[in-house]
Amino acid sequence: MSSKQAATAASAILEAEALSALIRNLRDKDYTIIGPTIHEGALVFDEIQDVADLPRGWSADHAPGRFRLRERSDDAIFSYAATAQGLKRFLHPPEVRLFRAERSNGQFEILNDSPPAARRAFVGVRPCDLAALRKLDRVLLQDRFADPVYQAGRRDSFLIAVNCAEPSGNCFCGSMMSGPAATEGFDLLLTEIVEPGLHVFLAEAGSQPGVETLAALNGAPVTKELRRKADEITRDAAARLHKRIDSEGLKEILQDAFEHPRWEQTAARCLACANCTMVCPTCFCVTVEETSDIAQRHAERWRRWDSCFTQSFSYIHGGSVRLSLKARYRQWMTHKLATWVDQFGENGCVGCGRCITWCPAGIDITEEAAAIRGTGERMA
């Protein structure tokens, strides 16, 4: 293949209707299609059948502790910020049965009957969620022991990312170097261009499967004008990111601020509901539970998500280590922005803003980090 042919195969302009062909192509390859859709007043990732299930003509307003869908005046499909959750619940599921055991003839037989991982194609993945997957890869794949559940899901995933055109009021991906434009980790990358009389996608392949899939869609060549429009979209999105976290020296500042008064002030607002850890695309903590029937003939071992906001999370013989809300909030934020660096060589936040949106008390991690640093406003 010549360099010109390779460039053509790696990028193309797709009409909006080509999304249906893309979904059919992936379904023909036995992928289950997961994409953004509207469910009970929120934007969530779920199984979809066709383009009609995508949130065409919808966006959303985000603020601390607030999310509202908003109808648009155009037919844009991906003009919204982060969905309620990322891809974590599909690849690192909320609960997994590790094994079951049955008593037979006076003996227990261990049965490992977990179903094989589904082949999933994820449509509409945001750059911040691609960054979150890289962080989960570091934790769940690249350490000494790989997690087999996550490994199987990642191996059979096809990722169709979409560059952000409309960040929310809670997004701060720019300061975390994770958006609003994607640079790696995708099979296909789309930039949606919507203007009066024009609705197309600039599609770019990021892997060999992506090249092959894009070639099957017979897109048009990319023009300089449409490339310029696509670049302007992400530059404009970056300019509209108003929240940020200054990471310079933040690790040391947080670790030296163990008794900072801000922890107590924030704890007075925190409900310990664990919403922030549930929606966070990089939180990975789990617990293991075992159950059995009354007759003791059947037993199961389950792995379930856990949160450092629960009192039992830090339980050791004699009681929990972190009894106060102050200690639990401090643990979460300090781990996310400081001790994660000690463990994995980078911080654990991608700036998606979900923890701000879905906190019932409207606690804003960017404001908390600024307050600990000493550059934010003091709480009354």
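Me: How many aromatic pairs does a search of the whole structure find?
Reply: The search turns up 11 aromatic pairs. Keep in mind that this is a predicted model.

Me: Take Tyr31 and Phe158. What kind of pair are they?
Reply: Their ring centres are 5.9 Å apart and the planes meet at 55°, so this pair is tilted. The cut-offs explain that: planes under 30 degrees apart are stacked, and those over 60 are edge-to-face.

Me: Where do Tyr31 and Phe158 sit in the chain?
Reply: In distant parts of it. Tyr31 is in the loop between α2 (18-28) and β2 (32-39). Phe158 belongs to strand β9 (residues 157-162).

Me: Is Tyr31 buried or exposed?
Reply: Tyr31 is buried, because its relative accessible area is 12% and the limit for buried is under 20%.

Me: And Phe158, buried or exposed?
Reply: Phe158 is buried too, with 2% relative accessibility.

Me: Next pair. What about Phe284 and Phe344?
Reply: Here the ring centres lie 6.3 Å apart with the planes at 75°, so the pair is edge-to-face. This pair also links distant parts of the chain, 60 residues apart. Phe284 is in the loop between α10 (275-279) and β12 (286-292). Phe344 is in helix α11 (residues 325-344). Both Phe284 and Phe344 are buried.

Me: Which residues do ring pairs link into a cluster?
Reply: Trp263, Phe309, Tyr329 and Trp332.

Me: Which charged end sits over the ring of Tyr80?
Reply: That of Arg126, at 4.4 Å from the ring's centre.

Me: And what lies over the face of Phe258?
Reply: Arg330 does, 3.6 Å from the ring centre.

Me: New topic: holes. How does anyone find empty space in a protein?
Reply: You roll a probe the size of a water molecule over the atoms, and that shows where empty space remains.

Me: How many cavities of 30 Å³ or more are there?
Reply: The count is 5 cavities of 30 Å³ or more.

Me: What volume does the largest cavity have?
Reply: About 170 Å³. It has 16 lining residues. Nearest the centre of this largest cavity are Cys270, Cys276, Tyr329, Cys359 and Ile363. Tyr329 also belongs to the ring cluster.

Me: Which helices supply at least two residues each to that lining?
Reply: α10 and α11 do, for the largest cavity.

Me: How does the lining of the largest cavity split by class?
Reply: It has 15 nonpolar residues, 1 polar and no charged ones.

Me: And the second largest cavity? What is its volume?
Reply: About 110 Å³. There are 15 residues lining the second largest cavity. Closest to its centre are Cys280, Pro281, Cys349, Cys352 and Cys355. α11 and α12 (354-357) each give two or more residues to this lining.

Me: Which classes line the second largest cavity?
Reply: The lining has 9 nonpolar, 4 polar and 2 charged residues.

Me: Where is Val350?
Reply: Val350 is in the loop between α11 and α12. At 2% relative accessibility, Val350 is buried.

Me: Which residues is Val350 in contact with, leaving aside its neighbours within four places in sequence?
Reply: Cys128, Ala131, Ala132, Lys135, Cys173, Met176, Ser178, Pro281 and Thr282. Pro281 also lines the second largest cavity.

Me: What classes line the second largest pocket?
Reply: 7 nonpolar, 2 polar and 7 charged residues.

Me: Last one, Thr83. Where is it found?
Reply: Thr83 is in the loop between β5 (66-71) and α3 (88-91). With 3% relative accessibility, Thr83 is buried.

Me: What does Thr83 touch, not counting residues up to four places away in sequence?
Reply: Pro36, Leu43, Val44, Phe45 and Arg354.

Terms used
Residues are numbered from 1 along each chain as its sequence is written. This is a predicted model: local features need pLDDT of at least 70, side-chain atom pairs count only at pLDDT 80 or more; totals for chains, interfaces and linings use all residues. Side-chain values use heavy atoms; hydrogens and water are left out. Rings of Phe, Tyr and Trp (its six-membered ring) pair if their centres lie within 6.5 Å; planes under 30 degrees apart count as stacked, over 60 as edge-to-face and the rest as tilted. Helices (H or I, at least four residues) and strands (E, at least two) are DSSP runs, numbered from the N terminus. Buried means under 20% relative accessible area, exposed over 50%, partly exposed in between (1.4 Å probe, protein chains only). A charge sits over a ring if NZ of Lys or CZ of Arg is within 6 Å of the ring centre and within 35 degrees of the ring normal. On a 1 Å grid over the protein atoms alone, a cavity is a set of points where a 1.4 Å probe fits but cannot get out, and a pocket is an open set with protein on both sides within 12 Å along at least five of seven lines; lining residues have an atom within 4 Å of a point. Grid points are joined across faces, edges and corners, and a volume is the space filled by probe spheres set on the points. Ala, Val, Leu, Ile, Met, Phe, Trp, Tyr, Cys and Pro count as nonpolar, Asp, Glu, Lys and Arg as charged, and the others, Gly among them, as polar. Contact means heavy atoms within 4.5 Å.
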